[in-house]
Amino acid sequence: MTETPTTRVLLTGATGFLGQAVLERLLSAHEGVHVTAVVRPRGSISGEQRLRQLLRKPAFRPWRTAVGDEEAGRVFAERTAVLEGDLSALADITEPFDVVIHSASAVSFDPPIDQSFSTNVGGATGLYDALLASGQDPHVIHVSTCYVGGIAKGLRPEAPVDHDVDWAAEFEAAQRARDEAEMASRTPERLQALIQDATVSHGKEGPKSVARAAETAREEWIRTRLVEYGRTRAQSLGWTDVYTFTKALGERVAEQKWAAGGHRLSVVRPSIIESALRHPYPGWIDGYKVADPLIMAYGKGALPEFPGLPDSVLDVVPVDFVVNAIVALAVGGHRTPSGGTTAEGDPAPAPGYYQVCSGASNPLPIHRMYDYVRTFFLAHPLQDDDGEPIRVPEWRFPANNVVERSLAVKERLTAAGGKLTTVLPATARTRGWATSLHRAQSSLGSLRTFMDLYQAYTRTEMIFDDARTRQLNASLPAGTPEDRTFDVRSIDWSDYWQNVHMPALTEMTQAYGRLRSASKRRGAAKRGLREGTDVLAVFDLEGTVLDSTVIHQYLQLRRRTLHLAKWPAEVADLVSSAPTYLKAEKRDRGEFIRTFMRRYRGVTAGTVREQVAGPLGQDMRRLLRPGALTRIEEHRAAGHRTVLVTGSIDLLVEPIAHLFDEVVAGRMDERDGVMTGYLATPPLVDEARAQWLKKYAEQGGYDLSRSYGYGDSHADASWLQLVGHPYTVNPDLPLYRLAKKNHWPIEDWKTA
């Protein structure tokens, strides 16, 4: 094909890392090319809007600077168009195209099997069916990966992959997998297990919370099963993961549907794509790529060791080399096996395979790459949360089973520690321990993920041939600028890693860190008490506002009203009942309150009022937490409506009721002025409090998104999540862990 002003390209995957770079290169360096991008809408954003947004991305910045924003906008508008839709259900292709570049792909190593097949196989099927239906004969450039050959050793040629897997049967089975997993997740045995687990973790929040948690766990079980299904099915047929498996089947779709019909097909197989060496500028990268999470985890000190073969070759290639190979085929045309351009009308052009890789021509052993990365981090260390430099560990590349055994032992220990935290009391020490345990579990989880996903690539014994790709590069016209070539032998790996890729990677990481810090600062600013009469400030009582419990309140009352001779029996009965109360509290806060309030049976209401108005009330006021008083005053000064909500009875709250605009408490049933031991209404705790709060806000015209909530117990979680500003105050360990997970503020009100 000769490049002319009428050259029309259909591009898939334009919004991805590789696709946007191809689009930029075609627009900035080839004036006679018009690109129509297949882009699906995302939410309320149309496909056309998504394409236009690309012009503001860093990949296009050097071009915009060179020609000016106005000219870049004009060119973009004139030389691009959108075919909106999803590849798996592509609309009719009515416009004529000379070249199709299929770069759309699901690049995750471990997605659910149905998702990977839908994109990498279903997308290819939809594209080729639409092309065949259009009656056109464009040159198709199908972007794949070097790793389509699966688990193998030795030299991997630029040729079709030798396998006899029926892609259509595998595709159909993958689509059925979700329905099968859905059915398996709904068996009585599975659902009962999910309910039991959810009850242990969320029982104190209420039955609705348990149901939501069980359903979330069921959906996660399905996802995990589909991920495992994809990985296991791929490995059973000789591939490392579902990504390489589905990319291989996508190639077979192209071969059978397009090339077998006498159409021109070029398959471009990159290895591991990383940041640009030269264009659009050194170090350009769009988000973390394949090897980057592993590298940054090492830089953060999170990978003390990793299983890998030090003399294995890590096949990496800069993104601009891949782009240049694709563009060379797009503007130069399909090539014969000897390297010449395929003659127009050739009835049976052979597919061309091009492996854009470095392993054969400019190999980079793992130990050399590791040395480059370690040297860089020793000279430019990342910083920990305290601003101190992180010293990276030294890898010795032990045998795989050594790392696996060590990891398994640590996983068992942290799991045991997690169970222990569910029964420990909440103290500063146990909260600190819970935080350390959470970090350890997170680090071990990351290490497990890295091992599962990456060790196949750090222990590979494959070398990818690139003879045909070097032949394609050699055929470029004389005088082609260096930044449009793709000879990997020109790459100085030491310079690339230490002066191009690693600086770009750390700068991106630091930029993400600055965004997170800015978000935290904005969050802190939001937590400032802005004035407003439509704002609620809802406070829990025991453990939050008051350094006391319903048990303590009862004992203080009985100590003052019970005859001294009956006191030992009362204490003994309370001690003997303690296991019952603890079990009730563990199961349900409301059950505990109902059970404990039975102890008020026979107590006269007048006696309680007398004590509350006197010494008992004085004791309660002394137990007010200084931080609570300060925060209540701040809310009232800001015009917020302060509401105290408690499962305790109203009589016992009277000494501090004046601090709030409203007090919502339980009430004991009375007969002739004597308490029966029963509550007049159900206790307002966990989900009951959440329902009350929604109704209260609706009736009073309050904005819950601007409102505040303060609680100390896991039972408070269901209503705290309703307000825009949830705070945990001296929380128990389950609520502390939830607050850490949700980034809720954690405060200590024992002091002002």
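Modeller: Terms first: helices (H or I, at least four residues) and strands (E, at least two) are DSSP runs, numbered from the N terminus, and two strands pair if DSSP finds at least two bridges between them. This is a predicted model, in which local features need pLDDT of at least 70, side-chain atom pairs count only at pLDDT 80 or more, and totals for chains, interfaces and linings use all residues. Residues are numbered from 1 along each chain as its sequence is written, and side-chain values use heavy atoms, with hydrogens and water left out.

Colleague: Which residue of strand 14 stands opposite Val-643?

Modeller: Strand 13 and strand 14 (residues 662–666) pair in the parallel sense over four bridges. Over in strand 14, the residue opposite Val-643 is Glu-662.

Colleague: How many residues of strand 13 are buried?

Modeller: Buried means under 20% relative accessible area, exposed over 50%, and partly exposed in between, using a 1.4 Å probe and protein chains only. Strand 12 (residues 536–539) runs parallel to strand 13, with four bridges joining them. Strand 13 (residues 641–649) is mostly covered, and its buried count is eight of nine.

Colleague: What share of the residues in the protein is buried?

Modeller: The protein has 26 helices and 19 strands. Out of its 752 residues, the buried share is 52%.

Colleague: Which strands stand at the edges of the seven-stranded sheet?

Modeller: That sheet is open, with parallel pairing and the strand order 3-2-1-4-5-7-10. Two strands have a single partner each, so one side of each is left without a neighbour in the sheet. These edge strands are strand 3 (80–84) and strand 10 (352–356).

Colleague: And which residue does Arg-8 stand opposite in strand 2?

Modeller: Look at strand 1 (residues 7–12) and strand 2 (residues 33–39), which pair in the parallel sense over six bridges. Arg-8 faces a residue of strand 2 there, namely His-34.

Colleague: At what angle does helix 4 run to strand 3?

Modeller: Axes are lines fitted to C-alpha atoms, for helices over the stretch in contact, and angles run from 0 to 180 degrees between N-to-C directions. Helix 4 (residues 69–79) lies across strand 2 and strand 3. Its angle to strand 3 is about 45 degrees.

Colleague: Is Glu-84 buried or partly exposed, and how far is its C-alpha atom from that of Gly-47?

Modeller: Glu-84 is found in strand 3, and its relative accessible area of 41% makes it partly exposed. Contact means heavy atoms within 4.5 Å, and leaving aside neighbours within four places in sequence, Glu-84 is in contact with Val-39, Pro-41, Ser-46, Gly-47 and Glu-48. Glu-84 and Gly-47 are 37 residues apart along the chain, yet their C-alpha atoms are separated by 5.5 Å.

Colleague: Which helix gives the most residues to the lining of the largest cavity?

Modeller: On a 1 Å grid over the protein atoms alone, a cavity is a set of points where a 1.4 Å probe fits but cannot get out, while a pocket is an open set with protein on both sides within 12 Å along at least five of seven lines; lining residues have an atom within 4 Å of a point. Points are joined across faces, edges and corners, and a volume is the space filled by probe spheres set on them. The largest cavity holds about 210 Å³, and 19 residues line it, with Leu-294, Ile-295, Met-369, Trp-395 and Thr-458 closest to its centre. Four lining residues come from the top contributor, helix 12.

Colleague: What volume does the second largest pocket have?

Modeller: Its lining takes in 45 residues, and nearest the centre are Ser-103, Ala-104, Ser-105, Ala-106 and Val-107. Among the elements that supply at least two lining residues are helix 1 (17–29), helix 5 (113–134) and helix 9 (242–257). The volume of this pocket is about 1,200 Å³.
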